[in-house]
Amino acid sequence: MSHGPSAAGGSLVAAPADHAHEPHVPVFTGARRQELDMILGRYPTKMAALLPALWILQEERGWVSEGGMAEVAGVLGLTPAYVKGVVTFYTMYHQHPVGKYFVQVCTTTPCNVCGAEDVVKAFLQHTRCGELGLTSPDGRFTVIEVECLGACGFATPVMINSDFLESVTADTVPDVLAELR
Amino acid sequence: MGYPHKPHARESVVLSEHFGSAEARTLAGWRKRGGYQALEKALGMAPADIVSVVKDSGLRGRGGAGFPTGLKWSYMKPGDGKPHYLCCNADESEPGTFKDREIMRWTPHALVEGCALGAYAIGAETAYVYIRGEFTEPLQQMNAAVQEAYASGILGANAMGTGKRLDVHVHKGAGAYICGEETALMNSLEGKRGNPRIKPPFPAVSGVFGMPTTINNVETLVAAVEVVKRGAAWYKGFGRPDNPKSTGTKLYSVCGNVARPGNYEVPMGFPFRDFLHELCGGPLPGRKFKAVIPGGASVPIQTMEEAEATLMDYEGFVAGGTMLGSGGVIVFDDQQNMVKQIARLARFFAHESCAQCTQCREGTAWTTKIMERIRDGHGTYEDLDTLLDIGEQMTGKTICVLSDSCAVPVASGIRKFRHEFEALIPKKQGTAFVAAAVA
């Protein structure tokens with residue numbers, strides 16, 4: 001439930017810029033194809049494997065490109081336009097390349113009253129991203145605000161890629177980042 | 001609450017008893033704690049008998065609506081020749097709520113057992129657990145538990161050696177609050193955009209994949225396991241004697257400006273005053289409680305006076321002018337500005353609107369703009385009336401209740417904390433307006 005570029009008031013910067021135009025190398029071959037076949041066995045329709053397939057694509061490539069969507073569409077018997085319609089509904093599929101570390105800070109009300117806005121400021125400052133949704137000059141970080149991460153009693157929860165951190169404060173942000181460097 | 005603190009002496013730990021125990025996460029550890037006894041017992045019963053035990057227990061849905069669980073299960077007609085499905089709603093994303101997360105993190109097998117038991121009771125062979133994508137640890141724990149359950153023959157074509165087929169599959173969401181709405185969840189599970197569906201048809205008639213479906217919250221299914229294991233009479237023993245409509249224990253997630261945030265499990269009818277001051281440790285040092293949202297972001301805000309007079313059950317919270325909802329207790333103290341926080345809630349709903357219905361798509365966005373304008377000191381008195389008017393247009397007019405949920409905190413906020421709104425409205429502007437009108 002992350003805020004996209006428009007909500008953040010900036011635009012996601014492709015890093016590096018020509019990344020988006022690289023030809024798509026198929027993902028669903030070998031082990032990944034077998035994994036998808038196993039997933040398909042769980043549902044009465046092929047379409048139901050769409051979200052899992054997109055997750056596999058993103059795990060492999062770091063984001064969901066047009067070429068990737070076309071491959072998923074082909075594998076599941078859907079149209080690329082349909083797949084894109086689904087991708088754009090959800091906030092966790094990256095439609096642009098993002099920094100090596102994708103930082104999502106919860107700022108919804110329960111965390112907000114515990115100082116989440118200061119945590120966001122600290123991340124923006126220490127990663128040198130400067131602005132929400134922008135990738136840092138070294139291509140390592142993208143920081144965004146996210147809506148309720150469902151860990152409100154552990155304010156402020158922060159997701160860095162798939163790592164879920166609890167009770168982060170503005171003061172502990174430098175330590176969190178030091179772990180990644 | 002079990003974790004990270006030891007349970008308070010006044011808690012009734014049933015579902016949260018094993019929170020914090022790493023061993024309880026494993027199949028062996030879970031069996032040692034009485035795990036899968038309920039499923040074994042259930043598989044020896046007729047499905048209709050399980051449904052009547054759950055009906056008799058008085059268990060009601062713990063996701064927010066409080067619908068009687070046994071009654072919901074009884075809508076699934078046996079022998080209709082169609083595949084039935086159970087969906088477990090583990091998309092927990094109501095701000096303030098993090099109880100299902102702890103159930104899945106600490107006692108994943110309890111949920112696997114609940115899903116298998118629930119599926120059998122409604123004549124289904126397959127249960128899908130839809131877990132929000134952000135819940136990385138609950139996803140890991142649930143995937144591991146499901147694998148263990150298959151490997152040991154609890155799930156599969158010959159579940160627990162009974163010859164019955166029971167499958168439980170974990171499905172990972174991809175970021176959308178609205179997928180916690182039951183019909184949106186089904187669309188999402190089918191590989192579609194998570195737009196809520198118009199009802200009727202209700203899920204019991206046409207749910208996921210167009211087939212009869214029951215959808216239950218995580219906590220509900222885990223509670224059903226205890227009901228089957230220990231009996232309806234035992235479950236009904238939790239609650240106040242003068243209110244048989246609310247039975248059992250309830251897990252509350254407590255967050256915001258409170259000394260000891262976390263999950264607490266108390267019997268229905270527990271005094272909210274004692275809950276906040278004794279169990280949760282009261283306000284932070286040197287501060288005072290100001291307001292509470294007791295059931296997740298979608299229910300009306302209570303003043304402390306109202307909250308302290310409330311008994312914690314479905315009817316008690318209604319009597320206190322609000323709702324039990326999901327049990328996500330958000331506490332605000334005297335250092336918080338209610339306008340700022342209600343504006344933040346409105347922004348949440350605007351961000352999460354699926355944008356199908358005009359009242360919601362436009363209403364949540366307008367509400368956010370006006371609330372933020374007032375917050376920033378550019379509001380007018382007229383804005384307060386406009387907010388209430390928009391809120392009325394957003395209530396009861398849309399496919400799902402997200403729109404209503406946005407209107408609720410705004411309306412209750414203006415009604416109960418009007419002085420905080422008015423304090424932010426520039427006085428000069430108000431005077432100038434009056435002066436111009438008189439001239």
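Two strands are taken to pair if DSSP finds at least two bridges between them. The model is a predicted one, and in its chain A strand β1 (residues 101-106) is joined to β2(A) by six bridges, with the two strands running parallel. Within this pairing, A:F102 has A:T142 of β2(A) as its bridge partner.

The pair belongs to an open sheet of four strands in chain A, whose order is β2-β1-β3-β4 and whose pairing is mixed. Because β2 (141-146) and β4 (163-165) of chain A stand at the edges with a single partner strand each, one side of each is left without a neighbour in the sheet. Direction ignored, neighbouring strands of this sheet are turned against each other by 20° on average.

Chain A holds eight helices and four strands, and from the N terminus on its elements run α-α-α-α-α-β-α-α-β-β-β-α. Of its 181 residues, 52% count as buried, and among the contacts in chain A between residues at least 6 apart in sequence, 64% join residues at least 24 apart.

Two packed helices are described by the angle between their axes and the distance between the axes. For helix α3 (residues 50-61) and helix α5 (residues 80-87) of chain A, the axes come within 11 Å and cross at roughly 85°, which means that α3(A) is roughly perpendicular to α5(A). On the α3(A) side the contact is made by A:L50, A:L51 and A:L54, and on the α5(A) side by A:Y82, A:V83, A:V86 and A:V87.

Helix α4 (residues 66-76) of chain A has as its buried residues A:G68, A:M69, A:E71, A:V72, A:A73, A:V75 and A:L76. The elements covering these buried residues include α2 (30-40), α3 and α5 of chain A. Just after α4(A), A:G77 takes a positive phi of about 70°.

In chain B, consider a strand first. Why is strand β11 (residues 328-333) of chain B largely enclosed by the rest of the structure? Six of its six residues are buried, so the strand β11(B) is largely enclosed. In a regular strand the side chains alternate between the two faces of the sheet. In β11(B) both faces are covered, with B:G328, B:I330 and B:F332 buried on one side and B:V329, B:V331 and B:D333 buried on the other.

The strand β11(B) also has bridges to other strands. Strand β5 (residues 249-256) of chain B runs parallel to β11(B) and is joined to it by four bridges, and B:G256 stands opposite B:V331. Strand β8 (residues 289-293) of chain B, by contrast, runs antiparallel to β11(B), again with four bridges, and here B:I293 has B:I330 as its bridge partner.

Helix α17 (residues 402-416) of chain B has 15 residues and reaches 22 Å from its first C-alpha to its last, close to the 21 Å expected at 1.5 Å a residue. The helix α17(B) is mostly covered, since 12 of its 15 residues are buried, including B:L402, B:C406, B:V410 and B:I414. The buried residues of α17(B) pack against β9 (302-303), α12 (304-308), α14 (338-352), α15 (358-375), α16 (381-393) and α18 (418-424) of chain B.

Technical notes:
Residues numbered from 1 in each chain as written. Chains lettered and ligands numbered in written order. Predicted model: local features only at pLDDT ≥ 70, side-chain atom pairs only at ≥ 80, totals over all residues. Heavy atoms only, no water. Buried < 20%, exposed > 50% of the residue type's maximum accessible area, 1.4 Å probe, protein only. Axes fitted to C-alpha atoms, helices over the stretch in contact; angles between N-to-C directions. Parallel < 35°, antiparallel > 145°, perpendicular 65-115°, else oblique. Contact = heavy atoms within 4.5 Å. Expected span 1.5 Å × (residues − 1).
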